[in-house]
Amino acid sequence: MIITLTTDFGLYDHFVGVMKGVMLSIAPSARLIDITHDITPYNVRMASFVLNSSYNYFPEKSVHLCVVDPGVGSERRALAGSAGGRFFVGPDNGLFTSIIDNYGPAKIHEITDSKMKLARVSGTFHGRDIFAPVAAHLASGTPLESVGPVVNDPVRLEMAGARRLDNGSVAGEIVYMDRFGNAVTNIGVHMIKDSGVSIRVAGETVKGIVPSYFAGVDSKLNATFGSDDTLELFVRNGDAARKYGLIAGDKVFCESGVCRT
Amino acid sequence: MIITLTTDFGLYDHFVGVMKGVMLSIAPSARLIDITHDITPYNVRMASFVLNSSYNYFPEKSVHLCVVDPGVGSERRALAGSAGGRFFVGPDNGLFTSIIDNYGPAKIHEITDSKMKLARVSGTFHGRDIFAPVAAHLASGTPLESVGPVVNDPVRLEMAGARRLDNGSVAGEIVYMDRFGNAVTNIGVHMIKDSGVSIRVAGETVKGIVPSYFAGVDSKLNATFGSDDTLELFVRNGDAARKYGLIAGDKVFCESGVCRT
Amino acid sequence: MIITLTTDFGLYDHFVGVMKGVMLSIAPSARLIDITHDITPYNVRMASFVLNSSYNYFPEKSVHLCVVDPGVGSERRALAGSAGGRFFVGPDNGLFTSIIDNYGPAKIHEITDSKMKLARVSGTFHGRDIFAPVAAHLASGTPLESVGPVVNDPVRLEMAGARRLDNGSVAGEIVYMDRFGNAVTNIGVHMIKDSGVSIRVAGETVKGIVPSYFAGVDSKLNATFGSDDTLELFVRNGDAARKYGLIAGDKVFCESGVCRT
């Protein structure tokens, strides 16, 4: 049984280690795998993307624990759910929007049973006091239903999604900037017809798609299909974020060479 | 059997990985959990705080390995001990002061038996050559006594501790700044009577205590009880360290609303 | 069965986590140990050093997975091999030069069998699609031979090596700068005869060798034998990289007090 961790806690403090201690106290044989702890603080949208891109690479029954929680201590609900054969646990703030959309249908429950939590729940560290224990209980075989009542209206992020415009072009956006400065978009491989496509982003125009970073041209913006099978913009041996100022949310337009259906 | 790791080695080099290889060579089924490797280099006081805050969240018989060791290669002793049902291993420089104070009585031994160490001990990397092997041996069930003779006088850090002043107020200090810029103090929840307390720190005055970060007021200094059940100073959605220049060691005074006994 | 990971991916993104998910899907009981993910991007020479310094501290049959891969998506081969009782997996770009030199003879195979890879191989993330699955298969007992044909001509880095000059002195170089600013050289302990040696590097002259960092003199450059049993230059409680501008590749000369054979 595997529990993955995705947080904005960083690795400077002992917070992640303490959550792991709590989980191993409940589920001594759980495998604890870090996805990342470098989510930009409070960036629920970034965490939603990261979870979605990692979700299915873990075996069935894995538990994905995600704590990016600007509302800790407020009335926001604590959730545990399942979709696509895996579990997820975290605050009800939209973190699981992409998972529900892509791996659903989802069963979602609110965490209310105090037996699922540590004996004392602080006002500042629900990762330790609520979410870690619940993840460990799920990994140990506790039925999802036992955490609390069904939730039918989880908080959702607005997800723009790429779409075809009336003029036949495709409009999408950058959804993630990786640490190398590559720009991952939400435009899927199935929306692009051929390598003659013309891509506009941030005042730049990129012509055509290359099969890998290696096949790009140095010192200019290139496009490829990235590891999520979506359009990705990059500078070969360089940093597209720095060189072109790309950031998540930038609009991306593909003209000609796109699929019409 | 769990071994936790707390060091100032960072994650840039292979030093932490090599210590893990050494431990798995001795104790193949040990679970290795990082608490943090970002202790400020040589900051024994910070490591002592982190260890104390993490110690009891791990199951009984866990071994806490801590290598923050400005004296590596000097005559300082190497220690292994037990307190509160867990073990600890590291250099004799005060690292374990808080553990001994809070989880004791402690049994402490000096590591002298060369069978407990790697065959060759370098002058620069006792984490690999002495402390990791001993942690792995303890995790494997080797009796604590067999590492070497009893130590009755471990090096201690001076720990100020919060205290009641003659005028009835409470004086404490900031003992840890987390990476979000929150200031953890050594003033326990039991020393504060009500939410009408008035707190002075670094020239600022904070009135009252809120139940969570979320309940704080934006753009000013707030106080809550943090996850260690001590007074914590924070800026909601902000960084109190940057905004108010708070650092570990700053004095904190609580007036009115404090407990008199 | 242990799999170690050495990459230049950093920990900001989910890439390392996803590789671990892939490996646990194939080898559910594999132990996954990070050596470092902070190799300077594309720095194959640095990765080769780190692998060599870590290799033998892990138990026999461990699999060392290394992905520093500027040529991803090019025609460079993917390799799996064994030497000294351990396995290694990664791109054919010289990463394994030091291992082959120091732990060989090596058996090396090209990864061609598509059953060893994920069903779909992207052009940008062979760590996930090729190297992680192969590492997991080897950890599960799949014979090395089954990944593909023998390789007799792996790409090699040019390794200078320290050498004795005609005038009796020893010439070597800095091969690694650690995060504390210490400079590790390729001059082995067996090349230095006594502590009266005189060392020249970057315009500085260091006289004699001390037994540990602790024994160094503050605020000046010192020499010791480091944890790899090679000459190391350091500033006690300081940073030799910053203070003296030392970088990997700097030449180092030892005069007098060196071994003549």
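Leaving aside neighbours within four places in sequence, A:Ile3 is in contact (heavy atoms within 4.5 Å) with A:Met23, A:Ala30, A:Arg31, A:Leu32, A:Ile33, A:Val63, A:Leu65, A:Ala135, A:Ala136 and A:Ala139. This is a predicted model, in which local features need pLDDT of at least 70 and side-chain atom pairs count only at pLDDT 80 or more, whereas totals for chains, interfaces and linings use all residues. Residues are numbered from 1 along each chain as its sequence is written, chains are lettered from A and ligands numbered from 1 in the order in which they are written, and side-chain values use heavy atoms, with hydrogens and water left out.

A:Ile3 also belongs to the largest nonpolar core, where A:Ile3, A:Met23, A:Leu65, A:Val89 and A:Ile111 touch the most other members out of 60 residues. Helix α4 (residues 126–139) of chain A supplies the largest share of this core, eight residues. Such a core is a set of buried Ala, Val, Leu, Ile, Met, Phe, Trp, Tyr and Cys residues joined through side-chain atoms within 4.5 Å; buried means under 20% relative accessible area, exposed over 50%, and partly exposed in between, with a 1.4 Å probe and protein chains only. Helices (H or I, at least four residues) and strands (E, at least two) are DSSP runs numbered from the N terminus.

In chain B, the axes of helix α1 (residues 15–26) and helix α4 (residues 126–139) come within 8 Å and cross at roughly 40 degrees. That angle makes α1(B) oblique to α4(B), and the crossing is right-handed. From α1(B), B:Val18, B:Met19, B:Val22, B:Met23 and B:Ile26 meet B:Gly127, B:Arg128, B:Ala132, B:Pro133, B:Ala135, B:Ala136 and B:His137 of α4(B). Axes are lines fitted to C-alpha atoms, for helices over the stretch in contact, with angles from 0 to 180 degrees between N-to-C directions; angles under 35 degrees count as roughly parallel, over 145 as roughly antiparallel, 65 to 115 as roughly perpendicular and the rest as oblique. A crossing is right-handed if the near helix is turned clockwise from the far one by less than a right angle, and left-handed if anticlockwise.

In chain C, helix α1 (residues 15–26) and helix α4 (residues 126–139) have axes that come within 8 Å and cross at roughly 40 degrees, and α1(C) passes α4(C) in a right-handed crossing.

## Helix α2 in chains B and C

Because 10 of the 11 residues of helix α2 (residues 44–54) of chain B are buried, this helix is largely enclosed by the rest of the structure. In chain C, C:Phe49 lies in helix α2 (residues 44–54) and is buried at 13% relative accessibility. Beyond neighbours within four places in sequence, C:Phe49 is in contact with B:His14, C:Val175, C:Tyr176, C:Val184 and C:Asp228.

## Backbone geometry in loops

Most residues other than glycine have a negative phi, and most peptide bonds are trans. A cis peptide bond, with omega about 10 degrees, joins A:Gly104 and A:Pro105, and A:Pro105 lies in the loop between α3 (97–103) and β6 (107–110) of chain A. B:Lys61, in the loop between α2 and β3 (63–67) of chain B, has a positive phi near 75 degrees and is exposed, with a relative accessible area of 64%.
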